[in-house]
Amino acid sequence: MREIDPPDDDAPVVIAVVRTGGIAGRRRQWRVAPDPAEATDWIALIDRCPWDEPPADPRGADRFVWLIRARTPEVEHEREVADTEIEGAWKALIAAVQEAHAHDR
């Protein structure tokens with residue numbers, strides 16, 4: 001599931017989230033490239049996520065699957081996350097990206 005294009009800008013932090021699946025099978029995408037002054041807060045959100053934990057089984061009727069990519073000056077992360085895993089740090093990161101994306105429109 002590689003629907004997110006690689007970041008094409010020079011922002012120090014870029015986060016992209018794609019949600020697919022559900023009853024209608026619709027794809028939604030959110031992306032944020034925050035100002036450098038906000039980078040530290042975004043990096044803290046990224047660092048709290050369990051990128052290296054084994055993924056949960058995404059199977060299940062009408063469930064969403066999330067693809068989350070994050071780039072900081074030090075690291076690039078990519079992870080497919082089952083809807084059942086969207087809690088804690090994942091939930092906070094996704095909510096922040098969605099909110100920032102809505103304000104950038």
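## Charged surface and strand pairing in a predicted model

Asp35, Glu38, Asp41 and Asp104 together form a negative surface patch. The structure is a predicted model. Asp104 belongs to helix H2, which spans residues 88–104. With a relative accessible area of 60%, Asp104 is exposed, because the value passes the cut-off of over 50%.

**Salt bridges**

The whole structure contains 2 salt bridges.

| Residues | N to O distance |
|---|---|
| Glu78 and Arg69 | 3.1 Å |
| Arg79 and Glu85 | 2.8 Å |

Side chains of opposite charge can pair when their charged atoms come close. Are Arg79 and Glu85 buried or exposed? Both of these residues are buried. In the other pair, Arg69 has a relative accessible area of 18% and is therefore buried, since buried means under 20%.

**Strand E1 and its neighbours**

Strand E1 covers residues 14–21 and is mostly covered, with 7 of its 8 residues buried. E1 pairs with two strands, E3 and E2. The pairing with E3 (residues 64–71) is antiparallel and extends over 8 bridges; within it, Val18 stands opposite Leu67 of E3. E1 and E2 (residues 28–32) also run antiparallel, joined by 5 bridges, and Ile15 has Val32 in E2 as its bridge partner. E1 and E2 form a hairpin in which 6 residues lie between the strands. In the turn, Gly22 has a positive phi of about 80 degrees.

Methods. Residues are numbered from 1 along each chain as its sequence is written. This is a predicted model: local features need pLDDT of at least 70, side-chain atom pairs count only at pLDDT 80 or more; totals for chains, interfaces and linings use all residues. Side-chain values use heavy atoms; hydrogens and water are left out. Patches are made of residues with over 30% relative accessible area and no salt bridge: like charges are joined within 9 Å, nonpolar side chains (Val, Leu, Ile, Met, Phe, Trp, Tyr) within 5 Å. Accessible areas come from the Shrake-Rupley method with a 1.4 Å probe; for residues, only the protein chains shown count as cover. A salt bridge is a side-chain nitrogen of Lys or Arg within 4 Å of a carboxyl oxygen of Asp or Glu. Lys and Arg count as positive and Asp and Glu as negative; His and the chain ends are not counted. The place of a charge is taken as NZ of Lys, CZ of Arg, CG of Asp or CD of Glu. Helices (H or I, at least four residues) and strands (E, at least two) are DSSP runs, numbered from the N terminus. Buried means under 20% relative accessible area, exposed over 50%, partly exposed in between (1.4 Å probe, protein chains only). Two strands pair if DSSP finds at least two bridges between them.
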